[in-house]
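Morning, everyone. Please bring up the sequence and the model, and keep both in view while I talk.

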Amino acid sequence: MYQKRREKLAAMLPENALLFILSGHAVYSVGDEQYPFSVNRSFYYLTGLDRENMIYVLIKKDGKPSDALIIERYDEMMAKWVGGKILPKEARAISGIDQIIMDDEKWSFIHRIMSYQFDQIPHLDVYADFTKQEPDQIIPSQIFMKEFCEKYPYVNVNDAAAYLTSLRLVKEEEEIALLKKAIHVTNEAILNMMSHAKADMGENELEAYFDFVLKTNNCGHSFPSIVGSGKNGTVLHYSDNNQVAKDNTLVLCDLGASYQYYNADITRTFPVNGKFTPRQKQIYNIVLKANEYIMSEVRPGKTLRQLNNMLIEFYKKELSEIGLLENGKRVSDYYWHGVSHMLGLETHDVTLSDYVLRPGNVFTIEPGLYLEEEEIGVRIEDNVLVTEDGCINLSEEIIKSVEDIEAYMANNKDK
């Protein structure tokens, strides 16, 4: 599987190209404590390896690709403190890459490539993944390529992000299976929250019931869980989760399990006492109707921007009918985020500008309405897979109708 991905990537690159993808490294938090290491997802996508301080090297010369993997040398003493580095035979077995180079030999290895394979190429195209979240963010690829360009200043440096994104946008069967696993565990965890929910329970206590199921299923979190009750549910990325869920309030839970780096991203909203009030039910059903409407409109050829515009037009009609658009109010007063984002190895997975949907894409559908003055926040989020003529709801098993939620909470309430 990883070999096929690397072959596809090589086919996309121009003739006479050299590519480096770094796995990344753990950064320090306080003192000598490091944040948990999180591998560069494109590196993982190409190699199946999730260790830090590695570099994947792809060489394309005369139409013939070859590759190598640079890894850290095993250190017996460090192994006693933090565990051993991966051995060459292990890295080779997982990735399928035969040529393994030790990190302390990387520059001599690179020099051989530049001197013997590309010595006749005056302006070599060199690629790296420069994806980052902020303009002033310093990433490992920048540091590595700066040193590379100091040694070889005549090269043309290019960003490989578009090539990598094009590959990652279309999910393979193996990836869909991992996403389904993450979604299934998320469902179990949400049901555990619902069965234990009761008035005046702490948001953090509800969150703990979710966490327990993830831990027992060998899953991590896709992102910090959002468990917002009442007014907190109207804050899009609320994650303090430190208030009390009062009686007759809704709890908005936006969370997901991560399994082998594939992420579920699900939102469900339920009454903490198990019973919707008439007003809560009215708002909830509009959002549920919106969720189902947008899902029915998904098909290849559309963009996420088009789906979001369709949702806004839907809300104009629905909110007008219940008087929420009077006195100069607009849809944006109750809904201000996009209805979808791509999903996969990252929760907000990679995409391209104005990307047109095609079979194999996986993304979220998450309409919401937020009435701060009434302390009602509702969002219903599913994860869907684009097919040849529509989409499949990968999270269909997770209950979301008023009737199903109330029945489940009534019949499974923690005694």
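**A lysine, a helix, a pocket and a glutamine**

Let's start with Lys-171, which sits in the loop between H7 and H8. One caution before going on: this is a predicted model.

Is Lys-171 buried or exposed? The cut-off for buried is under 20% relative accessible area. Lys-171 comes in at 8%, so it counts as buried.

What does its side chain reach? There are two polar partners to show you. The side chain of Lys-171 makes a polar contact with the side chain of Asp-349, at 3.3 Å. A polar atom of that lysine side chain also lies 3.3 Å from the backbone oxygen of Leu-343. Now the wider set of contacts. Leaving out residues up to four places away in sequence, Lys-171 touches Ile-176, Leu-343, Gly-344, Asp-349, Gly-360 and Val-362.

One of those, Ile-176, takes us into the next element. Helix H8 covers residues 173–196. That is 24 residues, and the helix reaches 35 Å from its first C-alpha to its last. The expected figure is 34 Å at 1.5 Å a residue, and H8 is close to that. How many of the residues of H8 are buried? The count is 17 of the 24, so H8 is largely enclosed by the rest of the structure.

The largest pocket holds about 1100 Å³. It is lined by 35 residues, and the closest to its centre are Ser-38, Val-39, Asn-40, Arg-41 and Gln-137. Which helices contribute to the lining? H2, H6 (140–151) and H7 (161–169) each supply at least two residues. H7 gives the largest share, with 4 residues. By type, the lining divides into 18 nonpolar, 12 polar and 5 charged residues.

Last stop: Gln-34. Find it in the loop between strand S1 (17–22) and helix H2 (41–47). Gln-34 has a relative accessible area of 38%, so it is partly exposed. Its side chain reaches the backbone oxygen of Ala-26 at 3.4 Å. Setting aside neighbours within four places in sequence, Gln-34 is in contact with Ala-26, Val-27, Tyr-28 and Ser-29.

Gln-34 and Ile-286 are 252 residues apart along the chain, and their C-alpha atoms are separated by 45 Å.

To recap the two side chains: Lys-171 is buried, whereas Gln-34 is partly exposed. That's my tour. Thanks.

How values were computed:
Residues are numbered from 1 along each chain as its sequence is written. This is a predicted model: local features need pLDDT of at least 70, side-chain atom pairs count only at pLDDT 80 or more; totals for chains, interfaces and linings use all residues. Side-chain values use heavy atoms; hydrogens and water are left out. Buried means under 20% relative accessible area, exposed over 50%, partly exposed in between (1.4 Å probe, protein chains only). Contact means heavy atoms within 4.5 Å. A polar contact is a pair of N or O atoms within 3.5 Å; within protein, one must be able to donate a hydrogen and the other to accept it, and residues adjacent in sequence count only if both atoms are side-chain atoms. The expected span of a helix is 1.5 Å times one less than its number of residues. On a 1 Å grid over the protein atoms alone, a cavity is a set of points where a 1.4 Å probe fits but cannot get out, and a pocket is an open set with protein on both sides within 12 Å along at least five of seven lines; lining residues have an atom within 4 Å of a point. Grid points are joined across faces, edges and corners, and a volume is the space filled by probe spheres set on the points. Ala, Val, Leu, Ile, Met, Phe, Trp, Tyr, Cys and Pro count as nonpolar, Asp, Glu, Lys and Arg as charged, and the others, Gly among them, as polar.
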